[in-house]
Amino acid sequence: MKSQARVVVIGGGVVGCSVLYHLTKLGWDDVILVERAELTSGSTWHAAGGFHTLNADPNIAALQGYTIRLYRELEALTGQSCGLHHVGGVTIATDPDRMDFLKAERAKHRHMDLETELVTPEEIKQLCPVLNIDDIVGGLYDPLDGHLDPSGTTQAYAKAARQGGAEISLRNRVVELVRKPDDSWDVVTEQGTINCEYVVNAAGLWAREVGAMAGVYLPLHPMEHQYLVTDDIPEVYERESELPHIMDPAGETYFRQEGRGLVIGIYEQACEPWAVDGTSWDFGAELLPDNLDRIEVPLAEAYHRYPCLGTAGIKRVINGPFTFAPDGNPLVGPMPGLPGYWCACAVMAGFSQGGGVGRTVAEWMIEGEPSSDVFAMDVARFGDYTNKDYTRLKAMENYQRRFAITYPNEELPAARPLHTTPAYDIWKEQNAVFGAAHGMEVVNYFAPTGEEPYEIPSFRRSNAFAVVGSECHAVRTAVGLNEIHNFSKFEVTGAGAEEWLSYILANRMPKPGRITLSPMLNPNGKLIGDLTVSHISAGRYQIVGSYGAQAYHMRWFQSHLPNSGVDLRNISDERIGFQIAGPRARDLLARITNQDLSTETFPFLGVREMAVGELQAIVNRVSYTGDLGYEIFVAKADQAALYHLLNDAGQEFDLRPFGMRAMMSLRLEKSFGSWLLEYKPDYTPAETGLDRFINFDKGDFIGRDPALAERDNPPNRRLVTLVVEAEDADVWADEPIWKDGEVVGFVTSGGYAHYAGKSVALGFVPVEMIAPGAAFEIEILGDLRPAVLITEPLFDPKGERLRG
């Protein structure tokens, strides 16, 4: 075994072997995989081996498509069979809500080059004659679905990696990780020590333990999962062709052919977390005791759905653990605050996602960035807000919801509330309906008095529709109050602060007392931030961004921080407060401060330190509502006092609190984009219109050259606003945009703009199609709805209210 390597991959399951292969595929051969036992000795060996493309996140669905297409390439490269069975698969719907979900997924697939199709009950019966279709209303067919041989596939990845120059060390447990002063790592194993530049934790069931070796907590938890293998069934083996996969979400089961019988897998509500206190190093190629009592209810449903089971015996029961992150997506990428330590773990669907995870890690490590936006599986999405209990409860919830409908407006209840602000109890008394972002409770809207504070999950307009409309009306006609804790805040100070910020951000830095909006770019010119920069006083800046991206942004900031001259602090939970917005916002603020708030002395995009009542505050003259507004930041301990100041003074002006549902409606009337919707690493400044916030004359900055090239060679698509003739459902995101019978673009986000009284979609279309009044269609839940392009905001098109 070598003593020096560029990369050490820990873990010999399908994910670790995929990472190893993709590193060699992109040109690195000084890489080694270390495995405590044999390849596939963790979760891989007992996996059912199914694969599919269906995923609520389009980018992860695309990575799953890549993974599935890769298997033929691996077989050709290595001569090692993956045991592929491309039999196709059907996800069935037994109620209208499930059918709405499948229609929405099919619509997404149109612009992702995934050839799924909606099928009728009769067509499902033709595809799978052993299925009982009595209560089925339809389904979604995916020709890419299938299953494979887990061991053979893992060996194919390993053989391809070895062909590329990689080394694999088996029966060699890692016992310690030591970070060196030069940020390299000593990987101490039973057979010796390897010094390396990068460590990749692909340890699967032991990922928590390998994380602890580096002093980090990884939010993942193993769950027990059972599937049954039947004896031979005549209805199965007498067919000329293999049966397709079937997923019955309502019944909590999946089904596929296994030789002359069937495999029936179950995601039961009475689920069981495994190895709560850690995974024993002695655990390996063994199974857990059967627990059929736990799956009694869904198993009865399986006998209803697949009547041929009634005469079949059970050959064996497989009960084995595999890992879940709190949201069910993998944990991938460089660990924030720990140079050289990378994650490729919590990959619950290894044979659907393993190839995509391996490619992502290799691209990111070698080329500096992955080729697509992978925030949905970035390890940084959880920051440091999780803990052991939170992770376990969320993993259980996610397991239980493995086949649940993913509603766009649904807020999941497990392990909440986790973090709150001083205003939480105030809002609760006002019948607030809460969501959660990055572990923090956030008001979505305020339910009417006497009504349960709960938004009914739906793809259509929910029970919140009318009350959100009234909150929007209050903002536009009087003044609204909204908490601003769900934005990240960073304070940057020091003699080198301006120079550093000017290098990592694309706009020129503002003068003291002023605010600048700026994109942040990666070296490829793609968007990795949409930030507000306030120059509070000489050499002191506040950066405001997405609350959920704070660890993602902090990792980027820290990786580019100079050795001296710049001090950086994440103050997201220390400096909080409220925004007030609407035509009476200035009148309200004037009641509680003696400052001159006139446009001449405190203009739009101004920032001031000022006394608000007896409190010291930082006030930004800006509002995401697109209206006259102020963001008032105070210390966390002062938030409740600030609320009472504003609330008491606001009664004169009909002050009304509003939540994030109203905020996201109001921003549509100004065509304002949102992070991870309109602005994310898949897109560029020129495509999204953020190029107007780039200053090319200020000198060098990260991403300048590709942004400059794009300025000189404009992109072929642009972000636009469309007004939609919707019925009872508005767009959410990823719906296809049609023109003349062809899909020409896709929606990034949208909804109902209540004050304007219009259904609105933001999305990308080809530049040659952009013109005022241009006609399109948008597919919403299977229906093509007419849409018209607009080039001016629906509200305050000249910005007179915003700047006045």
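## A strand held inside

Strand 30 (residues 629-635) has six of its seven residues buried, so it is largely enclosed by the rest of the structure. Buried here means under 20% relative accessible area, with exposed over 50% and partly exposed in between (1.4 Å probe, protein chains only). Helices (H or I, at least four residues) and strands (E, at least two) are DSSP runs, numbered from the N terminus.

Before going on, please keep in mind that this is a predicted model, in which local features need pLDDT of at least 70 and side-chain atom pairs count only at pLDDT 80 or more, while totals for chains, interfaces and linings use all residues. Residues are numbered from 1 along each chain as its sequence is written, and side-chain values use heavy atoms, with hydrogens and water left out.

Two strands pair with strand 30. Strand 27 (residues 575-581) runs antiparallel to strand 30 and is joined to it by seven bridges; G577 has F633 as its bridge partner.

## The largest nonpolar core

The largest nonpolar core contains 52 residues, and V7, V9, L23, Y71 and M365 have the most contacts inside it. Such a core is a set of buried Ala, Val, Leu, Ile, Met, Phe, Trp, Tyr and Cys residues joined through side-chain atoms within 4.5 Å. Among the elements that each supply at least two residues of this core are strand 1 (4-10), helix 1 (14-25), helix 5 (150-163) and helix 9 (350-367). Helix 2 gives the most, with eight residues.

What does M365 touch, leaving aside its neighbours within four places in sequence? M365 is in contact with V7, L23, W28, Y198, V200 and W342, where contact means heavy atoms within 4.5 Å.

## Two crossing helices

Helix 2 and helix 9 pack at an angle of about 100°, with their axes 7 Å apart. That makes helix 2 roughly perpendicular to helix 9, the label for 65 to 115 degrees; under 35 counts as roughly parallel, over 145 as roughly antiparallel and the rest as oblique. Axes are lines fitted to C-alpha atoms, for helices over the stretch in contact, and angles run from 0 to 180 degrees between N-to-C directions.

On the helix 2 side, the meeting residues include I60, L63 and Y71, while those of helix 9 include F351, G355 and R359.

Six strands form a closed barrel in the order 32-35-34-33-36-37, with antiparallel pairing. Neighbouring strands of this sheet are turned by 45° against each other on average, direction ignored.

Helix 17 (residues 660-668) lies across strand 34 and strand 35, at about 125° to strand 34.

## A buried alanine

A395 lies in helix 10 (residues 388-400) and is buried, with a relative accessible area of 0%. A395 and M223 are 172 residues apart in sequence, yet 7.7 Å apart in space, C-alpha to C-alpha. Not counting residues up to four places away in sequence, A395 touches H221, M223, F324, A325 and P326.

Notes: Pairing = 2+ DSSP bridges.
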